[in-house]
Every structure is written in C-alpha cells, then in structure tokens.
Amino acid sequence: MRLRFNFRVYPTPGQQIELARAFGCARVVFNDGLRLRQEAREQGLPYVSDAELSKRIITLAKATPERAWLGEVSSVVLQQALADLNTAYRNFFASVSGKRRGRKVAPPRYRSRKDNRQAIRFTKNSRFKVLGNGRLRLPKIGDLAVRWSRALPSTPSSVAIIKDATGRYFASFVVQVTDELLPPVESEVGVDLGLTHFAVLSDGTKVAAPKFLRRAARKLKRLQQALARKQRGSQNRKKAVVKVARAHARVADTRRDWQHKLSTQIIRENQAVYVEDLCVTGLGRTRLAKSVHDAGWAGFTGMLEYKAARYGRAFGRVDRFFPSTRICSDCGRNNEKMALNVRTWDCPCGSHHDRDVNAARNVRAAGQADLNARGAHVRPGLVPAARNEAGTHPDAARSARSVEGISVR
Ligand SMILES: [Zn+2]
C-alpha cells in the first residue's frame, strides 16, 4: 500500500522565489495543455495524445522566446503538471462514460495564480533526495529544511511540495508501506455517524467531537462572519482572508489528528468495522451542509478503510438506503419513520432502543451479512487498490491520505 507522509518544510527566502517560479511554470504548462486540447476540440481535430501534448507544450515550447523560461525549472515538474492534466481528463471521460462511479467529475479547469493551494511534484527520475543532514534536495530549488515528525519507512517514490493558503510549505512523500497485521480479536463493530454525536458504536460507545474542536470551529465561524463584513478589495479584507485561512487550517489539522486517533483505536479493537455509506455529497447540498462538512465523515471512513486494509481487518460499507434507524436490532421489525428529535424508542417486541446505538447495531448486522454473502470473510479486509500518487490537481489531491499525526493543508 502506498501512503502519504506529510512534513512541514521551511524554504529560505531564495528558495521561496525558486518555488514560486516552479509553481508558476507548472501552472502555465497545465493551462497551455488544457488550451491546446480545447482548441483542438473546437476545430474538430482529434484528441491530442499525452505524448504529443508533452512534445508541443514542453519540448517545442522551450525553444520559443515566449516560453524559454520553462527551462529554468526541473523538467520533471513540468511533465508532472501535464500528468495531472491527463489524469483530470481521464477521470472526466471515465465519469462521462459511466466507468467511474460516484459523483460526476467536471472537465479540467484552468489553474490560477490566485488558487489557495499551489503544488508541484518531483518523481524519482528528478533525483530528489533526502540528504544525510535531514535536508530535502530538490533539483533547481536547493536543499530544504524539513521538520521530520517521524521517520519515513522506506525510500519515497515521489514528493510534492505544497504551499497552502496560509503560506505554509509542506513536503508530501509517497511511500510504499508493508501491511502490519494486528493479532486477531473477536469483536466486530458497526459505526453510526451522526450529527448529535460524531460516531456511535454498536457496543454502545458514543463519541462526541471534542470540545477543543468545537471551540476552534466556533472561532472559525466568527472570523468568517467578520470577513463577510469587510469591503471588497480593501486591505482589511485581505488580512481577514488570511485569518480565516489560518483558522481553517488549524481546525482541519486538529480534526484530522483526532480522527486518526479514533480510527486507529476502532481498528485495533475490532476485527471488522462496518459503516453506513452516507451520501455525503448529497447531504452537502442541503441545510445540513455545514455540520456535515464540519464533521468530516468522508475523511474518517477513508481512514477506517485504509487502516483496515493495512492492519488486516475487515471493512464494509452498508448501503445508504438501508433504514438503519427504524429497524429493531432485536426482532428485525421495520418500524415507522421517526422524527430526528426522537432519541429513544420502544419496539412492539418490548425492546427499548437508543436510536443511534440501535442504528449502529443494524449497520453491523447488515455489514456482516454483506461480507458473508460475498464470501469475503476469509479475506482480511478489502484492500483498496494502490492509489496513484495524489496529484496536484485538486480532484486528485482529495484522494490523498495523510498519515497519523502528520497533517497537511
Ligand atoms: Zn423489536
């Protein structure tokens, strides 16, 4: 399995200039490539192949006075920018043709210098290197100081350098890791993700989002309101934007760390974990949107999934149309729909239920049934396909996984 390991890096002012140049060149190459393909399409010409695109947008362009400066940055950075564009196109085509499941993928969009997040990627053949003194050597950038919060388990196959909205820099390494099978345990658990509690487990455990996280989220909300009152284009507005971005990053980092701890604990203590496959993007458009995004369920279930694969546990998602709340986990009766404020209820069979714990128990039962039906129980967890390294394209970046205790963005 390949995982990302993220570390903060501290480029010198000179290195920051070189990085800005590389971000800029990668953006130009990406946009040139996009434009070329769009123009070909408008003129009714065939789709420009990856190889042809690379030749025209990088090799030939470097020989022209308008793009000669592309030669000032590592050519790998430019090739990787085009690789991102190609991935974005492939995802879009696969989505249009129905080969790719899930939410519809939009066609690639132009990148802007005003984007909150700038990124470039170096692969092995760029000869990036972690030096004996702990610095990260990048071609045509220099040796960057890195804060190593933990050791890399093996030699990374690539590294992305990211600058976030608050001006922080990160190195995100893609590293092959071996599975670390945990000793088997008996218990299996269903997880109900909700709004009143972050998660309720079928064993009755209720996990609320921690206070510090709620406090940070409240502060973020206040800053966002303050930003909304600032006049467009004003200096004060610019300052407020940075403040909001900082608070946002803090909330995201804190939440990720907390979710890593919780997901690791659940995986350690259970042989199988089942979650309800929530239609998070669907919910995201409703009134519940804000709290849903705050809760960060998708990121959390993603953590459970990859950790299950890595530690030899089973993981299953249960159909989201399954009425987990209404079914009595004791007798199986499908009861009437309940209002959101009903927290406990009684089944005609005599069972008294806590709404969320009952739902979690149903998720566990449905997950177990699913796995048995597929005969998947013999396999230790469903190993997600090794992901391609998450690219610098925003869509690809969302699929990146952060490793315990280390956060980015
Ligand atoms: Zn019942």
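This is a predicted model: local features need pLDDT of at least 70, side-chain atom pairs count only at pLDDT 80 or more; totals for chains, interfaces and linings use all residues.
1. Helix α2, made of residues 50-62, and helix α3, made of residues 75-97, have axes that come within 11 Å and cross at roughly 135°. The two helices, α2 and α3, are therefore oblique to each other, and the crossing that they form is right-handed.

2. On the α2 side of this contact stand D50, L53, S54, I57 and I58, which meet S75, L78, Q79, L82 and N86 of α3. Sorted by class, the residues in the contact of α2 with α3 are five nonpolar, four polar and one charged.

3. As for confidence, the protein chain has a mean pLDDT of 84, with 87% of its residues reaching 70 or more. The highest confidence in the chain belongs to helix α1 (residues 13-42), at a mean of 97, whereas the lowest is in helix α10 (residues 394-397), at 32. Over residues 376-409 the pLDDT is below 50, and in the model this stretch has 88 contacts beyond near neighbours in sequence.

4. Of the contacts in the protein chain with a separation of 6 or more, 69% are between residues 24 or more positions apart.

Methods. Residues are numbered from 1 along each chain as its sequence is written. Axes are lines fitted to C-alpha atoms, for helices over the stretch in contact, and angles run from 0 to 180 degrees between N-to-C directions. Helices (H or I, at least four residues) and strands (E, at least two) are DSSP runs, numbered from the N terminus. Angles under 35 degrees count as roughly parallel, over 145 as roughly antiparallel, 65 to 115 as roughly perpendicular and the rest as oblique. A crossing is left-handed if the near helix is turned anticlockwise from the far one by less than a right angle, and right-handed if clockwise. Two residues are in contact if their C-beta atoms, placed from the backbone, lie within 7 Å. Ala, Val, Leu, Ile, Met, Phe, Trp, Tyr, Cys and Pro count as nonpolar, Asp, Glu, Lys and Arg as charged, and the others, Gly among them, as polar. pLDDT is the predictor's confidence in each residue, from 0 to 100.
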